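User: I am new to this structure and would like to learn how to read its features. Please take me through them step by step.

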Amino acid sequence: MRVPRRVSPLFFVLSLLVCAASVSAQQPKASEAEVEAVYIFKFSQFITWPGNARSAPTFDICILGDDPLGPFLDRTVRGERVNGKAVVDRHLARPQDAQGCSILYISRSENYRLRQVLATVRELPLLTVSDIPEFSSKGGMIEFVLQSGRVRFQVNLTPAEQAGLSMSSELLKVAVAVKSGGGQGSQ
Amino acid sequence: MLDMRHSPIAKRLTWINVLVSGTALLSACVAFLAYDQYTFREGLLRNLSVQAQIIGSNSVSALTFNDPQAAKTTLTALSSSPDIIAAAIFNLDGSLFAQYSRFPDAKVVDAPGTIGELETVRFTNREVMLLEPIVFQGRRLGTVYIRSDLQERTQRLKRYATIAAVVLLLSLLAALLVSAFFRRSFAQPIVGLAETARVVSQERNYSLRVPSTGRRDEVAVLIDAFNNMLAQIQQRDEALRHAQDELEQRVEERTRQLVAANRELEAFSYSVSHDLRGPLEIINGFAHILQMENGAAFDASARECVLQITGATHRMSELIDDLLNLSRVSTTAMHRERVDLTQMSKSIVDQLCRREPDRRVEFSAQECMTVEADARLIRIVLENLLRNAWKYTSKNQTAHIEFGCEQRLGRSTFYVRDDGAGFDPALADRLFKPFQRLHTTSEFAGTGIGLATVHRIIARHGGEVWAEGSPQKGAAFFFTLP
């Protein structure tokens, strides 16, 4: 480990001044979609995909349905790499195209055929994310929820395990709720 | 510190012991304390850093998904660590994300944390503060701030100081004990030696000896040598005293013999003088009878013979008188009384005038000269001196004799001065010895005993007598009587 080195009080005060300046330059609060886009990407850092998923040349984040967060996701993943693979975001028209995706974001517009979509991707090693209400109860893995104006998420471990994904305890720690079970499991 | 140069050896030894052990112990304590403080500080920092890193890695998801509540839960785990006063997590932009404080009212952070790749540490008197960056997958997410109490260090210092003080005290006690032992075995003989040397040189008692220590070290050699020296001195001292005693005894014996011989001699000369007087009176008497009864029948030559006989018997009678006087002045007891010298001198000169009425002598005596002396002896002195003056001025047309007193060197000095034949001053010392005469009998009649008698009498009184004069210019005789 590194041995901490002592800094002079002057340097300490100067560094405090620098960070005070950066606080004043804080950006305006991100919108819900923007936050979700960032979260979707960041989930990748707390999830381990099964071995067969690693053969893909790129790390694909796919969006099914309407695309409210497309531009934000574009900006978020630009130049990023996960496990040494370039991160690519693409839009899917049909759930059958999800082959090769690592993360699948299911838009609210797909609520009407959610059961079908989930069934289609069930056997694929991908993380399903959505902000459709009760998504996690219906077999989705991560569901965005709004809690006092802030974007939070809840997790259903069972589908993730079935897909061969392992979620880090760190991720579960910050989840609003962690559930188990196929359709009607509760936390 | 104390000036040790003049303090006793024992005291100095004690001080050296105490100083040496104290210094060694103190420096050891300081070194240990410094080392302990250093390692403690290192350990404390390492510990804090580890805790900060654990907090940091446990807060990654909370920071990533902006969940301060989860971060706070993580921070609250620090409550099991009693030294941590406060902790906080800062966002990358420096804003406060979550915080924890041991004391609910206490202010957690006095200023926002720092940004950058630095790990920063700050020590104050009572606290240490540490900033640890939170890095996840090569990306900086924020900073952990952690503040720890240094009470443990303070308590440790206090404990350490207490232990050090106790150990120091104990070792000083031990040093004192050891030095007490050394004092007995090492300094005590030296102190004893010094004390004995002092007594010896002060009281000159060379019979003293320094007790032996029973060991074979330099001090023992010193003591033996000193004792030997004392023995030698004592031996010499005794030999010297013995010789001195012997000498004194011998002197005493000789003195006794001398006194006896002297007394015998005086008795002899007195009896001889006395016995000589008888035949002399007979010769004188018969010469007188011869002259009275047959003087008319004698021719000039026979008459001259008788005259010579009577003259010779007269001189011999005087000689005997003088000898008797001389021996008497040293044997008869003295009776001091007040004597009027003026009166005495006048009566003596009157007698001389009556004996030789043809002489023209002008005598002057200072008035009221009195002394404390033996009247009979002092009369002999004056008779001798005045008769001498009378005699040695006999060739003058008109003689002048003066008897007076003057102050010389603060003493009353009497003198008899004449303007007669005088003497050679080089021979002045011989004047006062018996039978020493500076003039022939044919020149001036005399026995040569008078001035010796004067000398003896004045000496018996404790005074002095001396003469001044030169040939044909008169003489002066001085004497003092204390």
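Analyst: What follows goes from chain B as a whole to a sheet, a helix and some hairpins. The model is predicted.

User: How many helices and strands does chain B have?

Analyst: Chain B has 9 helices and 12 strands. Of its 482 residues, 27% count as buried. Taking contacts in chain B between residues at least 6 apart in sequence, 62% join residues at least 24 apart.

User: How do I read a sheet, and in which order do the strands of the open sheet in chain B lie?

Analyst: Strands of a sheet pair through backbone hydrogen bonds, and the pairing is either parallel or antiparallel. In chain B, 5 strands form an open sheet with mixed pairing, in the order E7-E9-E10-E12-E11.

User: Which strands stand at the edges?

Analyst: Strand E7 (361-365) and strand E11 (465-469) of chain B do. Each has a single partner strand, so one side of each is left without a neighbour in the sheet. From one strand to the next, the twist averages 20°.

User: Which helix packs on this sheet?

Analyst: Helix H8 of chain B, residues 375-392, packs on it and touches E7, E9 (399-408), E10 and E12 of chain B. The direction of H8(B) makes about 30° with that of E10(B).

User: Is H8(B) mostly covered or mostly uncovered?

Analyst: Mostly covered, as 13 of the 18 residues of H8(B) are buried. For its length, H8(B) reaches 25 Å from its first C-alpha to its last, close to the 26 Å expected at 1.5 Å a residue.

User: How is a pair of strands inside the sheet described, and how many bridges join E10 to E12 of chain B?

Analyst: One gives the sense of the pairing and the bridges. Strand E10 (residues 411-418) and strand E12 (residues 475-480) of chain B run antiparallel and are joined by 5 bridges. One example is B:Arg417, whose bridge partner in E12(B) is B:Ala476.

User: What about the hairpins? Which strands pair with E4(B)?

Analyst: E3(B), residues 120-123, pairs with E4(B) in the antiparallel sense over 4 bridges. The hairpin joining E3(B) to E4(B) runs through 3 residues. B:Phe123 has B:Val128 as its bridge partner in E4(B). E4(B) also pairs with E5(B), in the antiparallel sense over 10 bridges. There, B:Val135 has B:Arg140 as its bridge partner in E5(B).

User: How many residues of E4(B) are buried?

Analyst: Of the 10 residues of E4(B), 7 are buried, so this strand is largely enclosed by the rest of the structure.

User: How do I read phi, and which residue takes a positive value in the hairpin of E4(B) and E5(B)?

Analyst: Most residues other than glycine have a negative phi. In this hairpin, which has 2 residues between the strands, B:Gln137 takes a positive phi near 50°. B:Gln137 lies in the loop between strand E4 (127-136) and strand E5 (139-149) of chain B.

User: Where is B:Gln472 found, and what is its phi?

Analyst: B:Gln472 is found in the loop between E11 and E12 of chain B. Its phi is positive, about 65°, although B:Gln472 is not a glycine. B:Gln472 is exposed, with 11 other C-beta atoms within 10 Å.

Methods. Residues numbered from 1 in each chain as written. Chains lettered and ligands numbered in written order. Predicted model: local features only at pLDDT ≥ 70, side-chain atom pairs only at ≥ 80, totals over all residues. Pairing = 2+ DSSP bridges. Axes fitted to C-alpha atoms, helices over the stretch in contact; angles between N-to-C directions. Contact = placed C-beta atoms within 7 Å. Buried ≥ 20, exposed ≤ 12 C-beta atoms within 10 Å, placed from the backbone. Expected span 1.5 Å × (residues − 1).
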